[in-house]
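Good morning, and thank you for joining this meeting.

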Amino acid sequence: MSKLAITGGTPVRTDPFPAYKVIGEPEKDAVAKVMDSGVLSRFIGGWHKDFYGGPEVQAFEREWADSCGATHAISVNSATSGLYAACGAAGIGAGDEVIVSPYTMSASCVAPMVYKATPVFADIDPATYCLDPESIRSKITAKTKAIIIVHIFGMAADMDPIMEIAKAHDLIVIEDCAQCPFATYKGRPVGTLGHMGIFSFNYHKHIHTGEGGMITTHDDHFAERCQLIRNHAESVVAGKGVTDQTNMIGFNYRMGEIEAAIGRCQLAKGPELIATRKSNVAHLEAGLSGIAGLTMPTTKPAGDHVYYVHALGYDPDGTGVPVGIMADALKAELPLTELREGEGALVRAGYVQPAYSLPIFQTTPGAYPAGLCPMTERANQRLLIHEFMRPPMSAADLDDVIAAFTKVFDNLDPLRAMAQQETA
Ligand SMILES: *Cc1c(COP(=O)(O)O)cnc(C)c1O
């Protein structure tokens with residue numbers, strides 16, 4: 001038995017892992033072309049042919065829509081902007097309730113608040129970490145207007161029952177696909193299952209443009225409203241002949257030509273990058289799935305997973321080690337990834353605190369109490385999340401990850417002792 005690094009032993013590896021980098025020559029060439037043209041953005045915030053942006057923006061939108069079979073794709077400068085625009089397009093307003101997930105990046109649950117609506121948290125399904133259709137059903141009131149579904153970690157939520165509920169109650173469904181590009185649900189592309197889908201191109205994501213986002217929809221009306229909100233709606237509606245003024249205050253959520261040019265290259269690379277993540281996960285799971293105390297993520301019900309992260313179920317009762325200590329022990333065995341210096345190895349205990357614990361939800365005492373979504377609160381104690389499946393990790397790199405997990409799970413006694421000391 002080798003001594004754990006967290007108790008002063010030698011780590012499995014100290015050489016940094018390769019930097020997460022998906023940008024290369026095609027992107028450099030595409031950017032150079034835009035620079036040579038001198039037109040870094042061609043949007044005009046008025047009813048004019050340039051209301052829809054320049055050639056790279058429009059080409060990226062067409063190619064994105066085609067890649068997922070959506071009728072429309074509307075580029076924006078982030079997924080956050082996309083979520084806000086989608087809420088505006090949906091006609092969400094004061095007095096409305098919007099059902100949201102507590103287990104997500106904050107933007108997807110505060111988006112309704114931009115339009116003075118109230119987020120209502122439903123709980124997650126502990127198997128998928130996405131919203132549980134039955135919990136959604138239990139939160140519906142006469143005021144419910146929409147549901148924001150988050151396809152968390154890289155797998156789609158169970159959309160068939162969710163869309164049935166939405167249809168029965170006449171609710172608009174917005175899919176947050178930021179962690180789930182190129183994924184399918186029962187063979188159908190995410191972002192085309194609800195009324196609007198949102199994708200992110202920030203640099204943590206599967207593909208990126210630095211910052212950027214995309215909205216997809218089959219609906220002409222929602223597409224037009226998203227385009228208006230993206231680009232100064234209030235000064236466009238008269239010329240365009242838009243009569244419904246609901247939420248027709250526009251923003252500047254426009255994407256530049258450089259980002260769009262990069263995005264087109266990234267879209268072309270997307271399927272290969274996803275395939276690499278999947279094969280890296282298969283390699284890791286061949287080594288990790290036999291470890292007692294760990295459960296590999298399911299691909300049910302969607303039947304597909306694109307692994308934004310590899311979220312491992314963790315059993316703190318069986319091991320006798322709280323997840324925080326376990327994550328620290330694993331981090332100690334493994335090196336930094338270049339470009340992510342300062343954050344330690346890419347392993348963490350749980351995902352995020354339930355979103356309703358954020359200060360903005362605590363300004364009305366008692367409105368969002370602790371215990372509101374028990375499955376979400378429990379999940380954070382029972383998840384070990386890592387990102388080692390990112391390209392360009394080699395088989396040898398992945399073997400070091402497996403070695404670290406194996407070493408730590410073979411040496412639980414010192415960690416149990418640490419846990420006892422903490423509670424004593
Ligand atoms: C990253 C992310 C966002 C926000 O994306 P930005 O493009 O950075 O605004 C929204 N929702 C989820 C689930 C995300 O992971």
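**A walk through the model**

Let me start in helix 14, which spans residues 412–423 and contains L415. Please keep in mind throughout that this is a predicted model. Is L415 buried or exposed? Its relative accessibility is 0%, and because buried means under 20%, L415 counts as buried. For a sense of distance, please also find P359, which is 56 residues from L415 along the chain; the C-alpha atoms of the two are 33 Å apart.

I turn now to the ligand. Its surroundings consist of 13 residues, and the closest of them are T80, D176, S200, N202 and K205. By class, this shell is made up of 7 polar, 4 nonpolar and 2 charged residues.

Which side-chain atoms approach the oxygen atoms of the ligand? For S200, an N or O atom of the side chain lies 2.8 Å from a ligand oxygen. The side chain of N202 likewise places an N or O atom 2.8 Å from an oxygen of the ligand. For K205, the corresponding separation between a side-chain N or O atom and a ligand oxygen is 3.2 Å. How much of the ligand does the protein cover? On its own the ligand has 380 Å² of accessible area, and the protein covers 92% of that.

Next, helix 1. This helix runs over residues 25–37, 13 residues in total. From its first C-alpha to its last it reaches 19 Å, which is close to the 18 Å expected at 1.5 Å a residue. Three residues of helix 1, namely E27, A30 and V34, are buried. Why may we speak of them as lying on the same side of helix 1? They cover an arc of only 65° around the axis, and therefore they share that side. On the other side of the helix, K28, D29, K33 and D36 are exposed.

I would now like to visit strand 9, which covers residues 213–217 and includes T216. With a relative accessibility of 0%, T216 counts as buried. Which backbone atom does the side chain of T216 reach? The side chain comes to 2.8 Å from the backbone oxygen of G191.

The next part of the talk concerns backbone geometry.

Between K300 and P301 the bond is cis, with omega at about 5°. P301 belongs to the loop that runs between strand 10, residues 294–295, and strand 11, residues 310–314. A cis peptide bond also joins P391 and P392, where omega is about 5°. P392 sits in the loop between strand 13, at 383–386, and helix 13, at 395–409.

The other two are phi angles. Y129 is not a glycine, and its phi is positive, near 70°. This residue is in the loop between strand 3, residues 118–121, and helix 5, residues 133–139. D170 is not a glycine either, and it has a positive phi of about 60°. The loop that holds D170 lies between helix 6, residues 159–169, and strand 5, residues 172–176.

Which of these two residues is buried, and which is exposed? Y129 has a relative accessible area of 12%, so it is buried. D170 counts as exposed because its relative accessibility is 69%.

Finally, I would draw attention to two further loop residues. C373 is in the loop between strand 12, residues 347–349, and helix 12, residues 374–379. Its relative accessible area is 1%, so C373 is buried. How far is C373 from T209 in space? The C-alpha to C-alpha distance is 35 Å, and the two residues are 164 apart in sequence.

H151 is in the loop between strand 4, residues 144–150, and helix 6. With a relative accessible area of 0%, H151 is buried. Between H151 and L334, which are 183 residues apart along the chain, the C-alpha separation is 29 Å.

To close, I return to the ligand, whose closest residues include D176 and T80. Thank you for your attention.

Terms used
Residues are numbered from 1 along each chain as its sequence is written. This is a predicted model: local features need pLDDT of at least 70, side-chain atom pairs count only at pLDDT 80 or more; totals for chains, interfaces and linings use all residues. Side-chain values use heavy atoms; hydrogens and water are left out. A residue is near a molecule or strand if one of its heavy atoms lies within 4 Å of it. A polar contact is a pair of N or O atoms within 3.5 Å; within protein, one must be able to donate a hydrogen and the other to accept it, and residues adjacent in sequence count only if both atoms are side-chain atoms. Accessible areas come from the Shrake-Rupley method with a 1.4 Å probe; for residues, only the protein chains shown count as cover. Ala, Val, Leu, Ile, Met, Phe, Trp, Tyr, Cys and Pro count as nonpolar, Asp, Glu, Lys and Arg as charged, and the others, Gly among them, as polar. Helices (H or I, at least four residues) and strands (E, at least two) are DSSP runs, numbered from the N terminus. The expected span of a helix is 1.5 Å times one less than its number of residues. Buried means under 20% relative accessible area, exposed over 50%, partly exposed in between (1.4 Å probe, protein chains only). The arc is that of the directions from the helix axis to the C-beta atoms.
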